Amino acid sequence: MTEFAIARVDLVLLIPLAAAALLALLPGYRLTARLNVAATFLTFLAALSLLFTAHGAPGTYLLVDDLNVVFIALNTFVGFTTSVFSASYVGHELETGRLTPAHLRFYHAMYQMLMFAMNLALLANNIGLMWVAVEGATLTTVVMVGIYRTHEALEAAWKYFILGSVGIALALFGTILVYVAAQPEIGEGLDAMEWTTLVAHAAKFDPALLNVAFIFLLLGYGTKVGLAPLHAWLPDAHAEGPTPISAVLSGLLLNVALYAVLRFKILMAANVAAVAPGPLMVTMGLVSLIFAAFMLYRRRDIKRLFAYSSIEHMGIITFAFGMGGPLANFAGLLHMTMHSLTKSGIFFAVGHVAQVKGTQRIADIGGLTETHPWLGWSLVAGVVAISGLPPLGIFMSEFLVVSSTFARAPLLAIPLVLGLLIAFGALLLRLNGLAFGEPRGPIQPVKASYGPLFAHLTLVLVAGLYLPPQLVAWFQHVAQLLG
Amino acid sequence: MPNLEFDTAHLLAGGLVLVSFVLLYQDRLTSLLNIYAVHALVLALSVAWQANIQDAPHLYVTAALALGFKAIVIPVALRRIVARLGIHREIETVVGIGPTMLCGMALVALSMVVMLRVTTEATPIAREDLAFALAVVLLGLLIMVTRRNAVGQVVGFMSLENGLVLAATGARGMPLVVEISAAFSILIAFIVIGIFLFRIRERFDTVDIGALDQFRGERR
């Protein structure tokens with residue numbers, strides 16, 4: 001790795017860290033909100049420069065390869081757009097007095113810490129370091145979910161904290177077991193926790209130990225992915241925290257946890273005698289999909305509705321990666337990207353809707369397309385996209401998941417399609433009440449920032465119509481890596 | 001004494017499992033905190049012994065952290081919180097002692113069966129340590145499940161982390177990064193929890209999680 005490349009890898013981590021320190025000290029909402037946007041934008045630029053240059057050799061602690069570059073670019077992009085949305089969102093919260101300036105300072109610093117922790121988890125070449133980073137990301141989101149200090153927010157944060165810590169503890173046990181499996185082959189010390197070294201030697205590890213380790217890792221990080229039956233924290237955390245955090249949780253943190261699972265899946269695949277990780281992931285994915293699809297019908301809270309939709313989509317993505325093979329992996333990657341963009345876009349719209357209506361109850365929100373045409377129709381576009389209707393990006397990725405499943409395991413395709421259809425029905429049913437019909441609730445105009453929302457929806461629409469061949473080739477290459 | 005190394009490691013790790021059992025049936029918060037201090041003390045001894053036999057001086061740091069921080073600072077701080085809230089006499093287990101102990105025994109048996117079977121290639125000390133560590137982790141989970149009170153759940157979680165440290169030190173030559181991070185995460189976790197306890201107190205005048213349960217996020 002050249003000196004220059006190292007510097008750019010570090011930038012992706014150092015900018016958020018420096019910004020966090022700065023934002024913790026600076027007073028004033030206008031200044032800090034802008035600084036927050038500027039910092040995430042710079043991080044995004046640094047990540048883009050990683051995308052367009054050669055990666056070089058992996059370091060002891062940090063690694064840039066074709067797999068994580070995709071995640072980092074997506075992570076920093078959504079981090080940037082969310083910070084733009086957050087600037088107008090927290091402005092409103094400040095006016096209504098739900099947040100005080102002191103809270104806001106804390107909120108901005110934590111936002112940058114979260115970006116730092118997520119980028120570190122993605123870049124880590126050391127499985128111990130990756131664990132530390134995921135734990136850090138969990139703790140920062142816990143305190144942000146509880147920031148409103150209402151009864152509900154505290155309960156949500158406590159639940160998230162307890163379940164998240166248990167998950168993270170199981171993941172650490174799995175990490176230790178991987179080290180124990182690696183140590184006879186690689187020797188003691190740091191090398192035996194370095195992911196690239198582990199993969200190179202994985203064929204000679206004790207398969208039985210690796211199997212147990214993977215189960216702990218899948219359950220541990222799977223809790224953070226929000227896979228059923230370990231999802232209980234997810235709807236509460238999404239519903240009670242500030243909406244920008246819901247967007248980042250759904251769009252990014254779930255992906256980061258899934259990325260950790262994928263890294264260990266590659267490790268397992270390198271050892272022929274170990275149990276195939278695929279069937280486990282397929283099962284958990286399908287259970288999450290079908291469970292969440294049914295749960296969508298009984299939702300009364302708009303953010304909770306979309307939180308369950310996130311569980312559903314993480315189920316689909318886990319299912320696709322569990323199926324494996326070039327086509328399913330490609331579909332999984334595409335679906336993950338599309339879901340991140342669409343779901344955070346939906347949360348941008350939902351955040352403004354909840355602010356203008358002063359409630360998150362679905363029953364109290366109605367006729368949005370009449371009262372707030374821009375907001376209403378963007379929400380319609382977002383929900384149409386997330387429920388998998390053509391011509392948007394999610395339709396394409398879901399179509400690829402289904403068709404690759406039909407080709408390889410037709411029986412599995414039946415519950416998959418069933419789950420997709422059930423979820424589709426629920427979302428459209430709710431959308432009808434929200435966007436059309438008699439206007440309900442306050443109808444004063446809204447001061448919204450449409451930029452991030454439109455950017456996400458446009459990207460999803462363009463991806464549904466036309467994927468640039470470079471991007472396709474890139475995703476195909478990564479899909480090959482995933483095995 | 002050729003087997004002194006193994007026997008002592010075995011004794012200390014097994015002792016940790018036993019103390020986990022003792023934690024399991026405490027129904028008063030103050031006694032729960034006292035036993036937790038003993039738990040951390042046994043962990044510190046076990047880690048120090050590992051440092052001795054593995055010739056790994058950096059593990060003494062982990063042992064010192066376990067002794068100073070987990071066995072002294074945290075129990076004292078939590079005692080103060082409990083005393084200030086006036087909940088030190090409260091009985092706070094959800095399930096009866098009998099079923100809980102039976103569950104605990106089943107979990108220990110499970111962890112022995114699983115870990116001893118898959119670690120045939122590891123050294124005997126590492127095998128024992130991993131099996132005991134998994135038992136402590138599972139018992140910690142059980143403690144968390146059977147507690148109604150926020151402080152009780154926190155103690156369960158901390159005993160679970162002790163199990164993780166035992167596993168990490170049992171794995172020979174595991175880089176220090178992870179141990180420090182485990183100790184550090186306890187610190188962070190504690191701060192977070194402290195804030196939460198304080199806020200829960202501020203809002204509801206109780207740290208009983210049962211009081212939080214009236215609300216389920218949405219009315220059904």
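Just after helix α2(B), Asp55(B) takes a positive phi of about 55°. Most residues other than glycine have a negative phi, and most peptide bonds are trans. This is a predicted model, where local features need pLDDT of at least 70, side-chain atom pairs count only at pLDDT 80 or more, and totals for chains, interfaces and linings use all residues. Residues are numbered from 1 along each chain as its sequence is written, chains are lettered from A and ligands numbered from 1 in the order in which they are written, and side-chain values use heavy atoms, with hydrogens and water left out.

**Backbone spots**

- Helices here are DSSP runs (H or I, at least four residues), numbered from the N terminus.
- Ala228(A) and Pro229(A) are joined by a cis peptide bond, with omega about 0°. You'll find Pro229(A) in the loop between α8 (207–225) and α9 (233–240) of chain A.
- Another cis bond runs from Pro390(A) to Pro391(A), with omega near 5°. Pro391(A) sits in the loop between α15 (373–386) and α16 of chain A.

**α1 and α4 in chain B**

- Helix α1(B) (residues 4–24) packs against helix α4(B) (residues 97–118) at an angle of about 155°, with the axes 10 Å apart. Axes are lines fitted to C-alpha atoms, for helices over the stretch in contact, and angles run from 0 to 180 degrees between N-to-C directions.
- The two are therefore roughly antiparallel (angles under 35 degrees count as roughly parallel, over 145 as roughly antiparallel, 65 to 115 as roughly perpendicular and the rest as oblique).
- The contact (heavy atoms within 4.5 Å) uses Val17(B), Phe21(B) and Leu24(B) from α1(B), plus Thr100(B), Met101(B), Gly104(B), Met105(B) and Val108(B) from α4(B).
- Sorted by class, that contact has six nonpolar, two polar and no charged residues. Ala, Val, Leu, Ile, Met, Phe, Trp, Tyr, Cys and Pro count as nonpolar, Asp, Glu, Lys and Arg as charged, and the others, Gly among them, as polar.

**α13 and α16 in chain A**

- The axes of α13(A) (residues 325–357) and α16(A) (residues 393–408) come within 8 Å and cross at roughly 155°. That makes this pair roughly antiparallel.
- Residues in the contact include Phe330(A) and Leu334(A) of α13(A), and Met396(A) and Leu400(A) of α16(A).
- The contact's residues divide into 10 nonpolar, seven polar and two charged.

**α3 and α19 in chain A**

- Helix α3(A) (residues 66–95) and helix α19(A) (residues 469–482) have axes that come within 9 Å and cross at roughly 125°. That makes α3(A) oblique to α19(A).
- Asp66(A), Leu67(A), Val69(A) and Val70(A) of α3(A) meet α19(A) residues, among them Trp474(A) and Phe475(A).

**A glycine to look up**

- Gly345(A) lies in helix α13 of chain A. With a relative accessible area of 0%, Gly345(A) is buried (buried means under 20%, exposed over 50%, partly exposed in between, with a 1.4 Å probe and protein chains only).
- Leaving out residues up to four places away in sequence, Gly345(A) touches Leu453(A) and His456(A).
- Gly345(A) and Val383(A) are 38 residues apart along the chain, and their C-alpha atoms are separated by 9.8 Å.
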